[in-house]
Amino acid sequence: MTREKSTGKGTDAAGPRPSPGTSLVRVVLPAHLRRLAQVDGEVRLSVTGHPTQRSVLDALEARYPMLRGTIRDHATKRRRAFVRFFACERDLSHEPPDAPLPAPVADGTEPYLVVGAMAGG
Amino acid sequence: MSRVRVLVGTRKGAFILTSDGTREQWEVSGPHFAGWEVYHLKGSPVDPDRIYASQSTAWFGQLIQRSDDGGRTWRPVGNEFAYAGEAGTHQFYDGTPQPWKFNRVWHLEPSLTDPDIVYAGVEDAALFRSDDGGRSWHELPGLRGHGSGSQWQPGAGGLCLHTIILDPRQSGRITVAISAAGTFRSDDSGKTWQAINRGLRSEGIPDEDAEVGHCVHHIAMHPSRPETLFMQKHWDVMRSDDGGDSWREISGDLPSDFGFVIDVHAHEPETVYVVPIKSDSEHFPPDGRLRVYRSRTGGGEWEPLTDGLPQRDCYVNVLRDAMAVDTLEDCGVYFGTTGGQVYVSADSGDTWAPIVRDLPPVLSVEVQTLP
């Protein structure tokens, strides 16, 4: 059985190496957005300072401009209603966007998951 | 020999159907943008390889895709549709004020003269324009702001601007239709607008002949007679011969005057096609028989076209943007159904055949006639 799960193996080879004062955050996108961004597997993003949801998504949209508006509203930057954010087996969707992400996400041990809400259609 | 390229938007992606001028053997490409709703695709009249597509889902919102090679490859362009100024409110179904909120692009209408200019009709109803091939979009706010915008209410499918007609003779004339507000016209390239709904009567609104509030489903125009417009309203098939200033009913002997699509023969401006649907609560053909009706008299008198179409147990719908005509010598007529069929007639509607039978529900059909 083939299945386009949102826990893509492998990584985006074009990802940057971390420099001092930055974190290398692993981001897993849902299949629709991976295809849109033309990436396979995880995306690795370099984020200055301790990463937050806002700084990770800002870095994601800067690297892949075609994702703008698909995860967050263009103007308000609010999460789209049917998109959820998970990490470390926690739902971070309702956390403040500037709250620090868990340490395992910041140090690259665990990925930050962007998930299409489970709904039919 | 000329070719045709049929652009099909569905609930789960886009498909491109191509054939030579015989329209007998077809190649099918797709799904493009698999899994996404594609409300509409349309090619530029001056550069047919330039095609715009509206791609959306409830999950990830709106994208606009552009192809510069006839649909072989695509790239996403701009998808920010911000209402100009204070968005204000329209009416919700229950009559309460509802803030204007962008949901999706229903219809894309490329300019008749410049492939980089394209208009987008959106939900909640507004008209946007791009001057740079879809990279950026700006609203033409005079439409929502012309005075009645706060009174507009959504139809069952939402408050959507679904029809955009560009006048080939008067370059500044744009006619749009909104469910359930009505028809509006600009004669200055979209700066100022007026409601053009005189003659429409709708039982579902408190004042049957109100200036706005009519659920117009689609409008068609023959390019040689831009003053003549044909309308499929929620109920009633209508006609105007003065650019929409006044309308008269031409439903005549149709078995039902409810429906969504309407189109005009490419070479006969008085030959009109509709697909009657039983009612607003039963969105399928009367008697389970899929019939296109053709009038060769500009309305009033209609004949059923059934050869090749299912005449029993058929309960599909044909949505408002899902009919088109080609411009080959023997005019081809095309329509798609919510059952996933796309039918073609290569003889002006006399006989029909399915091009494909099992696509996702079809939202829109456009056709390009290529050299």
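Colleague: What share of the 371 residues in chain B is buried?

Modeller: Buried residues make up 54% of them. Buried here is 20 or more other C-beta atoms within 10 Å of the residue's own, exposed is 12 or fewer, and partly exposed is in between, with C-beta atoms placed from the backbone. Keep in mind that this is a predicted model: local features need pLDDT of at least 70, side-chain atom pairs count only at pLDDT 80 or more, and totals for chains, interfaces and linings use all residues. Residues are numbered from 1 along each chain as its sequence is written, and chains are lettered from A and ligands numbered from 1 in the order in which they are written.

Colleague: And what is the figure for chain A?

Modeller: Of its 121 residues, 34% are buried.

Colleague: How many helices and strands does chain B have?

Modeller: Zero helices and 30 strands. These are DSSP runs numbered from the N terminus: helices are H or I with at least four residues, strands are E with at least two. Chain A has three helices and five strands. Its order from the N terminus is β-α-β-α-β-β-α-β.

Colleague: Why does the radius of gyration of chain B agree with a compact globule?

Modeller: Because a compact globule of 371 residues would come out near 21 Å, and chain B has 19 Å. The radius is taken over C-alpha atoms, and the rule is 2.2 Å times the number of residues to the power 0.38. Those C-alpha atoms fill a box of roughly 50 × 45 × 40 Å along the principal axes.

Colleague: Switching to cores. Which residues touch the most other members of the largest nonpolar core?

Modeller: B:Val8, B:Tyr334, B:Val342 and B:Val365, in a core of 105 residues. A nonpolar core is a set of buried Ala, Val, Leu, Ile, Met, Phe, Trp, Tyr and Cys residues joined through C-beta atoms within 7 Å. Strand S14 (residues 160-166) of chain B gives the largest share, five residues. Another core of 28 residues lies apart from it, with A:Leu36 and A:Tyr112 among its members.

Colleague: What is B:Val342 in contact with, beyond four places in sequence?

Modeller: Its contacts include B:Val8, B:Tyr334, B:Pro354 and B:Val365. Contact means C-beta atoms, placed from the backbone, within 7 Å.

Colleague: Now sheets. What is the strand order in the open sheet that holds S30 of chain B?

Modeller: S3-S2-S1-S30, four strands with antiparallel pairing. Two strands pair if DSSP finds at least two bridges between them. S3 and S30 (362-370) stand at the edges with a single partner each, so one side of each has no neighbour in the sheet. Eight bridges join S1 (residues 3-10) to S30. One of the bridge pairs is B:Gly9 with B:Ser364.

Notes. Two residues are in contact if their C-beta atoms, placed from the backbone, lie within 7 Å.
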